[in-house]
Amino acid sequence: MAFLALQLLIKRAFLAVPILLCVSALVFLILRLLPADPIAMSVPPGATQADYDMLRISFGLDRSLPEQYLIWLGKLLHGDFGGSIFFRRPVMELISKALPATLELVSFGFMLGVVIGIAGGLGMFMLRGRWGEQVLDGSTTVMMAIPEFLWAILLILFLGVLVPVFPFIGRLAPDLTLPPAATGFLLVDAALSLRFDLLMSVLAHMALPALALAIGIAPLLMRVLRSSLLETIHEDYVTQARLRGTSETRIVIRHAFPNAALPTLSLIGVQGGFMFGGTVLVEMIFAYPGLGNLMIDAVRNHDLPVIQAVALIYCILVLGINAVVDVIYLAVNPRLRLKGRAA
Amino acid sequence: MVLQARNLTVSLQSKDGRIDVLRDVSFDLAPGKVLGLVGESGAGKSMIGRVVSRNLPKNFSVTHGSLTFAGHDVIHGSDAMLAGLLGDRISFVPQEPLTALNPLMTIAQQFGEHLDRIGIRRAHQHAQMVKALEDVRLLDPKRVLSSYPFQLSGGMCQRVLIAMAFVSQPALVVADEPTTALDVSTQATIVQIMRRLQQDHDTALLFITHDLRLAAHVCDDILVLYAGEVVERGPARAISGDPQHPYTRALQAANPSLDGPLTRLPSLPDNMPGIAGFSALKGCRFGPRCPVADQACVGAVPQLRETSPGHWVRCSPACQHGKPVAAPVIEHRADDLSGEVILQASGLSKYFEPPRNWLGRREGPGLHAVRPMDLCVRAGEFVGIVGESGSGKSTLARLLMGLETPTTGQISLDGRDISVSNPQTKQLRLDTLQMVFQDPQSALNPRRSVEELVTQVMESHIKAVTPEARRIRAQDLLRETGLSPELLHRYPSQLSGGQKQRVNIARALCVTPRLLIADEIVSGLDVSVQAQILNLLLDLKARRQIGLVFISHDLSVVRYLCSSMIVMRHGKVVEQGPTEQVFSNPQHAYTKALFAAAPPADLESLWPPEQTSLS
């Protein structure tokens, strides 16, 4: 099993190289084709044409496109994303601050979404034919009909303003100070320094944005899980287990759910990828200092190096999530593990 | 009595009122006895098992009569009482062993779950499982226990399920078509194992099957069901040796024999109506199809009468000594092996390379699906290809059709080499060869009408075809395959299984091919419908001098249809020759074992054979 998983990950890593090259080239090309002028955005009002030209040359924007791309790629291989034109700081530094925040938020939102999705799907299945199913079914429609950024606003309105349960700006209450041991992952930092006030504050700040992201993936999971449960419950092995007098609870937990979860699992992989896309708007709405917010700032200021870097990071994250889901799939489905090794 | 039914009636509540899908069924099943429920699909034979397990389909319910298990009222007893019995005192052996086991759990996990259920302590479970698997003659129980179901063959899975069914030493085992999905030789072994376990533990066995001949060998008593009614009931020997009811006789006669002179199979008209049609049946439910029915049969529902001790028949007394259903007509097989050669294959083989591993290297041995073989089919010749699953017979069909590229060898059609695939050979193939698929259900596009389906090939094959031409052609084809022209505008879902298979054949005939390739085309059909299709094929041969490559696992059907046959095993031809010669004097040990594994018509001969040296 471990060997197969490793094999799969190595294969995926090899495949990732051409994908990342394509994505980077595409992003690079599109950004250069747009009428975006990062220098014009960052020069002071009184600058002369000479100042402007000097800046252009210093950022290498006067060279040909392929040249620019190769230079950027060459630096990238040494772990250098270049410098931000707008922030006047290395892109790496900006990303290393924003990435942990986004990862933390996405993990939390992802877990929340999967828990809601699975619990809801099982609930809909158990309540099949009763009014409870209708209620849950209706709720999935509402969840899907409203886009996640609108959910973010609605959540702020209801759980932040009307009934102020959760804070909705930033990652942390302003009066709290960060511990010195900084991994950037505030939950980890808080836990390591045994600061429970900090931990609670971080969690409370994540609650609403994570919920907004979770609502983006939960309803589809609920529906897919429900329909595959409805299919598996008519499978011969379920009938046969029932004929052996196996209890209904055990049938659902041991026989129907694991089999029904397989299609849901591959959906989770796809949805996990989408969730990173969802962070862009959600982070902006909650003023959450993550990659999404960084991306918005960069786009607003035509900060090409930052846009390129963040796009690439998103791509790596999506590929990573898919690889992880595939490994899990391998672990829970013996047919894949033992294919071609039939006794 | 272990299981006792009295006037049991199961009904479907529909918007058109109540339809009895099982009417007035009574029987007694004593410990250590085997009761066979025999009937075609839709006759209601699975209903009794479903009543026992409270697993009736939606809107079905018991409306009359009683069913008791060892004194417990199965129909009115509490759910808890019944749940306590299931798996412990009553157990079930399923039809499809491969899908009846959870693919995500090992055999040990599933067996262990069952042992938990019947209250066996964890510490004792392993030893018990090993013993139970040894009892069903699985050679390496430890390896089986650590396997997943998909790593085992169908026969092995069925043995595991039988082991699980018998491990609690139940009073009753219900086996619903337990061997239908299995190979002939596996069937013999499974029957043997079940019989022995059942006798050792004095278990009562309810054996549900469509195969009267098999039931006659396995069961002590038999109940023959037609359209939800018991038409005949009695000791297996009496039912098989002296069938009284016209339906039982027809059922027996529709099954081609494995020895003796060949006679044309008498086939009943139409097929048994579906459940929705039951309410339209007045008087004797078999009446509309009965070859000896008269006015009296339409009036009242005939009662079961005892004709000899223990042997009951639901037929009017007047009919009793009437003629048997249609006198057998001697079928002269026009075995002219002198027709011109249509298809000739020499040295034909197919080798599947092993799959590439992640480094792109090929790992492990490949599969020799078909080893080099020769085949020749003449006009008017029917060639039977017999073999068990994995013998390569379906790959052979695909090779002939050009759906697979041969690894070696040559195929020629009408003397022209078609081994190399190009537009010309493809066209020649399409003009000469047609394939009839196994499952008419999935072979017919549900969104097309019969007219469109049977003339489908005209769309691409014959240019500029007018709608009138298509209609006329479709009508001809329906007439030729014995279908009513009313069916032209029906859709597959509105047809019965037999009608679908006829449409399937009609479609293949549209280009007036000279050779048909038929892969297990009757294995999914009921015997009476099977007889109709077999006779249709013989008529086509007589009328059109058509050639046929008939792939089947059923020896009796091959004997009935084919003038020459090929026996395949593991991709290899083990025997090849004129059918009568192979049957009367088989040379290869495998062929002999295959013949021995099929239940003979003669009840006196010992079956299953003590030693089945197959698999």
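Tutor: A residue is called buried if 20 or more other C-beta atoms lie within 10 Å of its own, exposed if 12 or fewer do, and partly exposed in between, the C-beta atoms being placed from the backbone. Helices (H or I, at least four residues) and strands (E, at least two) are DSSP runs numbered from the N terminus. With these terms, the part to look at is helix 12 of chain B, residues 393-401, whose buried residues are B:K393, B:T395, B:L396, B:A397, B:L399 and B:L400. An α-helix has 3.6 residues a turn, so residues three or four places apart point the same way. After helix 12 of chain B comes B:G402, and its phi is positive, near 80°.

This is a predicted model, in which local features need pLDDT of at least 70 and side-chain atom pairs count only at pLDDT 80 or more, while totals for chains, interfaces and linings use all residues. Residues are numbered from 1 along each chain as its sequence is written, and chains are lettered from A and ligands numbered from 1 in the order in which they are written.

Positive phi values also turn up at residues other than glycine. One of them is B:N59, with a phi of about 70°; B:N59 sits in the loop that joins helix 1 (47-52) to strand 4 (60-69) of chain B, and B:N59 is exposed, having 11 other C-beta atoms within 10 Å. In chain A, the non-glycine residue A:R88 has a positive phi of about 55°; A:R88 belongs to the loop between helix 4 (65-77) and helix 5 (91-126), and A:R88 is exposed, with 8 other C-beta atoms within 10 Å.

Where chain B meets chain A, 26 residues of chain B are in contact with 20 residues of chain A, contact meaning that the C-beta atoms of two residues, placed from the backbone, lie within 7 Å. On the chain B side, strand 6 (90-93) and helix 3 (107-117) are the elements that give two or more residues, and helix 3 of chain B gives the most, with three. That side has 13 nonpolar, eight polar and five charged residues, where Ala, Val, Leu, Ile, Met, Phe, Trp, Tyr, Cys and Pro count as nonpolar, Asp, Glu, Lys and Arg as charged, and the others, Gly among them, as polar.

Of its 343 residues, 32% count as buried, and among the contacts of chain A with a separation of 6 or more, 72% are between residues 24 or more positions apart.

Two helix pairs of chain A can be described in detail. Axes are lines fitted to C-alpha atoms, for helices over the stretch in contact, and angles run from 0 to 180 degrees between N-to-C directions. Helix 7 (residues 148-162) and helix 11 (residues 248-285) of chain A pack at about 25°, with axes 9 Å apart, and are therefore roughly parallel; angles under 35 degrees count as roughly parallel, over 145 as roughly antiparallel, 65 to 115 as roughly perpendicular and the rest as oblique. Helix 7 of chain A contributes A:E148, A:F149, A:A152 and A:I153 to the contact, and helix 11 of chain A contributes A:G278, A:L281, A:V282 and A:I285. By class, these residues of the contact are six nonpolar, one polar and one charged.

The other pair is helix 6 (residues 131-145) and helix 9 (residues 196-232) of chain A, which pack at about 140° with axes 9 Å apart and are therefore oblique to each other. Here A:T140, A:M143 and A:M144 of helix 6 of chain A meet A:I215, A:A218, A:P219, A:M222 and A:R223 of helix 9 of chain A, and the residues of this contact divide into six nonpolar, one polar and one charged.
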